[in-house]
Amino acid sequence: MPKSYPEIIVSAIILNDNHEVLLLNSFKTFNKLTLPGGHLELGESLISGVKREVYEETGLTPKNFKLYKFVEFIYGKSFWKEKHFIFFYYTCRSKKQKVLLNEEHQDFVWYPLSSIKDSTGIDPSAQSILEQYINEEVTDIS
């Protein structure tokens with residue numbers, strides 16, 4: 001029997017100048033809003049992978065990518081298949097707000113960071129990482 005291994009996922013917290021984050025609607029997260037991202041390809045660096053995934057899913061080419069954190073996702077109920085993922089989250093900035101979705105997503109929204117904590121329409125994993133990001137940003141400012 002072949003061995004199975006965790007899958008590496010790269011994902012982006014794309015911010016604009018209006019203090020909004022780009023969220024995408026996907027059937028893979030039961031039509032909840034989530035962050036753009038996807039599988040790292042064999043031989044691809046993390047930074048190359050996140051830039052590729054962002055472009056493929058949104059048509060955007062944000063700047064200032066910085067590794068934010070990595071998170072394990074082991075058989076979470078918020079994903080449509082039972083999977084073990086290791087997420088590498090990057091933050092980045094986009095001046096452009098016109099999004100060109102690929103076939104993986106049905107819709108998008110530039111979501112105010114100030115409303116993340118009160119939202120019920122965001123995938124729990126994405127909401128958790130965004131709440132951590134917001135809390136750390138507030139701590140860094142004070």
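I started with Asp123, which is buried at a relative accessible area of 4%. For burial I used a 1.4 Å probe on protein chains only: buried is under 20% relative accessible area, exposed over 50%, and partly exposed in between. The model is predicted, so I required pLDDT of at least 70 for local features and 80 or more for side-chain atom pairs, while totals for chains, interfaces and linings use all residues. Numbering runs from 1 along each chain as its sequence is written, and side-chain values use heavy atoms, with hydrogens and water left out.

Asp123, position. I placed Asp123 in the loop between strand E7 (107-112) and helix H2 (124-141). Helices (H or I, at least four residues) and strands (E, at least two) are DSSP runs, numbered from the N terminus.

Salt bridges. I counted a side-chain nitrogen of Lys or Arg within 4 Å of a carboxyl oxygen of Asp or Glu. The structure holds six. One of them pairs Asp17 with Lys95, the closest N and O atoms being 3.2 Å apart. Asp17 sits in the loop between strand E1 (7-15) and strand E2 (20-26), and Lys95 in the loop between strand E6 (84-93) and E7, so the bridge ties together parts 78 residues apart in sequence. Asp17 is partly exposed at 49% relative accessibility, and Lys95 is exposed at 71%.

Which residues share Arg52? I found a salt bridge from Glu44 to Arg52 at 2.7 Å, N to O, and another from Glu53 to Arg52 at 3.0 Å, N to O. Glu53 and Arg52 are both buried. Through shared partners, Glu41, Glu44, Arg52, Glu53 and Glu56 form one network of salt bridges.

Glu44. This residue is in the loop between strand E4 (37-39) and helix H1 (46-58). Glu44 is buried, with a relative accessible area of 17%. A polar atom of its side chain lies 2.9 Å from the backbone nitrogen of Glu41. Leaving out residues up to four places away in sequence, I listed His39, Gly49 and Arg52 as touching Glu44; contact means heavy atoms within 4.5 Å.

Helix H1. From first C-alpha to last, the 13 residues of H1 reach 18 Å, close to the 18 Å expected at 1.5 Å a residue. The expected span is 1.5 Å times one less than the number of residues. The buried residues are Gly49, Val50, Arg52, Glu53, Val54, Glu57 and Thr58. They pack against E1, E2, E4, E5 and E6. Just after H1, Gly59 takes a positive phi of about 80°.

Nonpolar cores. I took a core as buried Ala, Val, Leu, Ile, Met, Phe, Trp, Tyr and Cys residues joined through side-chain atoms within 4.5 Å. The largest has 21 residues, and those with the most contacts inside it are Ile13, Val21, Leu23, Leu35, Ile116 and Leu130. At least two residues each come from E1, E2, strand E5 (63-74), E6 and H2. H2 gives the largest share, five residues. Beyond its neighbours within four places in sequence, Leu23 has contacts that include Leu33, Phe108, Val109, Ile122 and Leu130. A second, separate core has 14 residues, among them Val10, Ala12, Phe65 and Phe88.

Note on methods:
Polar contact = N/O pair within 3.5 Å; in protein donor to acceptor, adjacent residues only side chain to side chain.
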